[in-house]
Amino acid sequence: MKFGKEFASQMVPEWQEAYMDYDYLKTILKDIQSFKQRTRPPASPHGLTRNLTLYRAFSGLIQSRRYNQPSSPSSPDIEDQPILVTSVDRDGSQIYETNFLMQAEHGGEYELVFFRRLDDEFNKVDKFYRSKVEEVTKEAEVLNKQMDALIAFRIKVDNPQGWTWQDRSGDMTRLASAVAASTAALAASIPAGARASRRSADHMEIIEEGPSIHNESNENKEDEESNVQVQKQVVNKSRKPPPLQILNRVKMNNTVATPRSTIKGILNVPNQTELKFNRENLKKVEDQLKRAFVEFYQKLRLLKSYGFLNTLAFSKIMKKYDKITSRNAAKSYMKMVDDSYLGSSEKVNKLMERVEAAFVKHFANSNRSKGMNILRPKTKRQRHRITFSTGFFAGCTFALIMALILIIRARHIMGQEGTIQYMETMFPLYSLFGFIVLHMLMYAANVYFWRRYRVNYAFIFGFKQGTELGYREVLLVSFGLAVLALASVLSNLDMEMDPKTMDYKTFTEIIPLILVALVFIILFLPFNILYRSSRFFFLTCLFRCICAPLYKVTLPDFLLADQLTSQVQAFRSLEFYVCYYGWGDFRHRQNSCKTNHVFTTFSFIIAVIPYWSRMLQCLRRLFEEKDLVQGYNGLKYFVTIVALSLRTAYSLNKGLCWEVLALIFSVAAAIVGTYWDLVYDWGLLQRYSKNRWLRDKLLIPRKSVYFGAMVLDVLLRFAWLQTVFNFKLFDLHKQTMITIVASLEIIRRGIWNFFRLENEHLNNVGKYRAFKSVPLPFNYDEDEDKDE
């Protein structure tokens, strides 16, 4: 793989604007190369000419000492250097400038442009790296204070009376004397050089998560002095724990968003509570700080990778420059890079070492392998069995679809008497699985294209690292469910009753109910099989959507609520399951659901629930963020609720008045929804953008894709017109048309998902937002901090 592609593949997606623009610098070098090829003098007619340096006097194979002198600043080697890099203070910040010393040469202006752009890129990278290092340093200070409070909290829980330093001083003194005596005994038999290295090793061993200690070893020191030093180190190593007085100015943050915390927020009750020293609170604090350390360590790893990749990119681009121009500028420029803050700062490496030591000690019970597995989770491996299983179930799905079509055609099932009864009863039951499978297939396509265009969907959704499902896993689940559903359809495709019992087979008639029960059992299965973390994440977000607005709204919550708004017909199918198997005669495929007033009432409620939940989420965000846009968004969902209710009333009652009202409100809701999709959710239709009518930044290189998606969104938004005007297409049954319209809405939602997350990703890129903020357990009194 070429370095340019590898460089792009290893970038932090949200920081890509802060990386060196390697491709643009390569473009400038290509211009320089093409200019040199155009202006290269023609070859000599007499053949190759010797280089003039071949006529110089032979310097010999062995140089005498008098010639082996360091070169002076006026030596020819230095005079022939093509560049001179200097550091300049400008506006309070240090920047680097490269003076190109060969401007007088023919074509030197091209190389001058290259170095100016190279300086701009380096200064950008160095400034960004410096700012991020300062940011993580401040975060480290905050984590230091949190750890002091945690250790004091542990002491208070383990020993409510507290530990005094005097109680431990005798034991520490005896320990220090024993270590000093053993060290003195060993010193007599160890050479001086080995003693120095040993002292250095002892010095490294006592480095903990606190401030670093820098002591210089001296080989000429007396053994007694080294014993005293070792004794001091032992005392320092078993240093005094944080004082319990810290807890007097610390309160616990209620970081978990619950209905109770929401009510407290409305009543302006403080979010901090007094400390309660018990095991339960200690476990909560440790879990929160563990997550904070893991997130902080991940940030350090990516920052280290950022510095390394950019340094390597500058080295690569300078080697290309030297190769094209036949100069020797890379050595001088890379010396500047190595001496700069980007190349010389060791703060990130030291912080990583301290974080590792602290995490292993306090959160992994001093088990380094266990701690490092948490800090550095292994990357998810693509298993061949997943690919094989996905292909197997996909093949079974298509085979069952073909078998179903052939059976229907061969038996002429569509022309039999029981066809209408089947379409009114069994078809709505099985259409539920069709909606679910189609939505999962669209999500699998979304995941594939998000990965292809480097949309960091795992970060946006907040998945735990290594637990996010790839498109292969999603396809496996969807095709597996499709195989079960299609096999069930084939099992009770009979349209005629048993002539002896005058009813249908009981077992085959309850197969849809068994399949629904199986899906719910798998969904709520507590065992660590079948992607438990993803199922738990889905159920958590679903519960928050149901309980809106009592929980703080996060992006996965309202994205899931948006998905549910496209599954209204699936919810109605679930309602039909309850009515059909609860109060209907499923043995004879008869029911009175449509004439039941309770069923009719719940038809309105079921259809409205997803939009109602989404509207409440908007109101919650309006209350918290004071953003009027969220209020307008909630109003959009309210209009949609009215339009949906009117369409449902028209489908049940019929009549000109219901038709006119349903048409007016549905058109208004569709227009507002389409505008909101294109402008707010996708960020498109920007008139003065450099990509006219789109946006400034696009991940897909072909603009026609965006215009095509906008047209599709408009067309699919108005697919509901069929429910009002009852278009007769190919003489299809009403249930078939309802299923087609619902499927078109799911396809529209799948298209919407890709561009919605693309826009969210670009917003994160614009703000360099690559990490989630982790709530901390302790809150220090700010006034006392200022006094200190």
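A charge counts as sitting over a ring if NZ of Lys or CZ of Arg is within 6 Å of the ring centre and within 35 degrees of the ring normal. Keep in mind that this is a predicted model, where local features need pLDDT of at least 70, side-chain atom pairs count only at pLDDT 80 or more, and totals for chains, interfaces and linings use all residues. Residues are numbered from 1 along each chain as its sequence is written, and side-chain values use heavy atoms, with hydrogens and water left out.

**Exercise 1.** Find which ring the charged end of Lys626 sits over.

Solution. Go to Phe623: the charged end of Lys626 lies over that ring, 5.1 Å from its centre. Then try Arg130, which is over the face of Tyr341 at 4.4 Å from the ring centre.

**Exercise 2.** Classify the ring pair Phe388 and Phe392.

Solution. Start with the rule: rings of Phe, Tyr and Trp (its six-membered ring) pair if their centres lie within 6.5 Å; planes under 30 degrees apart are stacked, over 60 edge-to-face, the rest tilted. A search of the whole structure turns up 42 aromatic pairs. In this one the centres are 6.5 Å apart and the planes at 20°, so the pair is stacked. Next, accessibility (buried under 20% relative accessible area, exposed over 50%, partly exposed in between; 1.4 Å probe, protein chains only): Phe388 is exposed at 62%, while Phe392 is partly exposed at 48%.

**Exercise 3.** Now do Tyr581 and Phe586.

Solution. Their ring centres are 5.5 Å apart with planes at 45°, so call the pair tilted. Tyr581 is buried at 14%, and Phe586 is buried at 14%.
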